[in-house]
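Good morning, colleagues. Please look at the sequence and the structure as I bring them up.

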Amino acid sequence: MTRFHSIIPLLLWGLVGAWISSAHAEVDRERLLAEPGIYGTFAAFALDDEWGRLEPSARIARLATLKGVVEQHRENVAIDLYLLRGLSDRADVLFGIHASELRDTQRFLLDLQSSRFGTHLIGVRVMHGLTKKPNYVPGFSDQMKTELKAPSEAGEKLYAIVIPIRKSAEWWELDQEKRTAMMREHTAVTLPFLKTVKRKLYHSSGLDDVDFITYFETSTLEDFHSLVLSLQKVKEFGYTRQFGSPTLLGTMQSLDEMIEVLAQ
Ligand code: HEM
């Protein structure tokens, strides 16, 4: 098939996608990404061997079903996509899903997996957490609180990193004051990196095998590396029992960009 012919189905399904988007109102994404009490799920998948053997036209037809499912569920959940392939040996694609109800996330993942594209997905890992109001920040100085509100540098970030974390029983046995003092130290060493690293914290105890899922966006991976090295030196880090396993590192993609990459 010529390049021109292989582009036609892409254009056609772009039109279908535009129709589906206009038919489904989008959930209040800003609210889901900012408020406490929201469930965040990170679902990583590998593509099966058959995917690599499919003709481009067959891939495009299956990717149209990915687009359909994502657009359909955007009514209830906020969906972000990340390409892990090439940067991770565990998985190829990662879906970040935010919802007020975890069952809405489940509905999306079920529909995704039963779509024609989803039949090629092999589940690698699903992690859940809940956004909460800050536990320790209210006990910080006004200056630290203000510094924490400083926005990161404008512009789209290129990379996303997801790191699950579990802390020791000793950490949870400490009183709030002692934990706050250590989190103050955690914050003092990490604040200089806020300019280039965006962060988000999910509480996972009871919802997953870990206590937290930490999520970061940056275009400067070297800064992120230095940030983690700084963090490893503070007292609070000594209470960490699991850091990563897996650490997921990927590039941020729009739905159309992801489809274009996977179609190749
Ligand atoms: C951009 C740099 C960072 C800043 C400014 C920052 C700041 C903070 C703050 C203020 C809290 C306390 C939230 C609360 O009051 O509940 C916190 C919690 C936490 N941070 Fe960071 N952080 C940064 C980077 C990191 C990194 C790189 C990791 C690990 C990969 C990390 C792991 C955690 C964890 C696990 C908690 C929860 C601790 C607990 O509640 O016991 N942070 N961070």
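How many helices and strands does the secondary structure of the chain come to? There are 10 helices and 9 strands, where helices (H or I, at least four residues) and strands (E, at least two) are DSSP runs numbered from the N terminus. Please note that this is a predicted model: local features need pLDDT of at least 70, side-chain atom pairs count only at pLDDT 80 or more, and totals for chains, interfaces and linings use all residues. Residues are numbered from 1 along each chain as its sequence is written.

The chain is as compact as a globular protein of 264 residues, because its radius of gyration is 20 Å, close to the 18 Å of the globule rule. That radius is taken over C-alpha atoms, and the rule is 2.2 Å times the number of residues to the power 0.38. Along the principal axes, the C-alpha atoms fill a box of roughly 65 × 35 × 35 Å. Buried residues make up 24% of the 264; a residue is buried if 20 or more other C-beta atoms lie within 10 Å of its own, exposed if 12 or fewer, and partly exposed in between, with C-beta atoms placed from the backbone.

Let me turn to a helix pair. Helix H8 (residues 176-190) packs against helix H9 (residues 221-231) at about 150°, with the axes 9 Å apart. H8 and H9 are therefore roughly antiparallel, the term for angles over 145 degrees. Where the helices meet, His186, Val189 and Thr190 in H8 face Leu227, Ser230 and Leu231 in H9; contact requires C-beta atoms, placed from the backbone, within 7 Å.

Thr187 also lies in H8. With 19 C-beta neighbours inside 10 Å, Thr187 counts as partly exposed. Leaving aside neighbours within four places in sequence, Thr187 is in contact with Phe140, Met144 and Leu148. Of these, Met144 is 43 residues from Thr187 in sequence, yet 8.2 Å away in space, C-alpha to C-alpha.

Finally, which residues does a cis peptide bond join? They are Ser245 and Pro246, with omega about 5°. Pro246 is in the loop between strand S8 (240-243) and strand S9 (248-253), and Ser245 is found in that loop between S8 and S9. Ser245 has a phi near 55°, a positive value in a residue other than glycine. Ser245 counts as exposed, because it has 11 C-beta neighbours inside 10 Å.

Notes. Axes are lines fitted to C-alpha atoms, for helices over the stretch in contact, and angles run from 0 to 180 degrees between N-to-C directions. Angles under 35 degrees count as roughly parallel, over 145 as roughly antiparallel, 65 to 115 as roughly perpendicular and the rest as oblique. Two residues are in contact if their C-beta atoms, placed from the backbone, lie within 7 Å.
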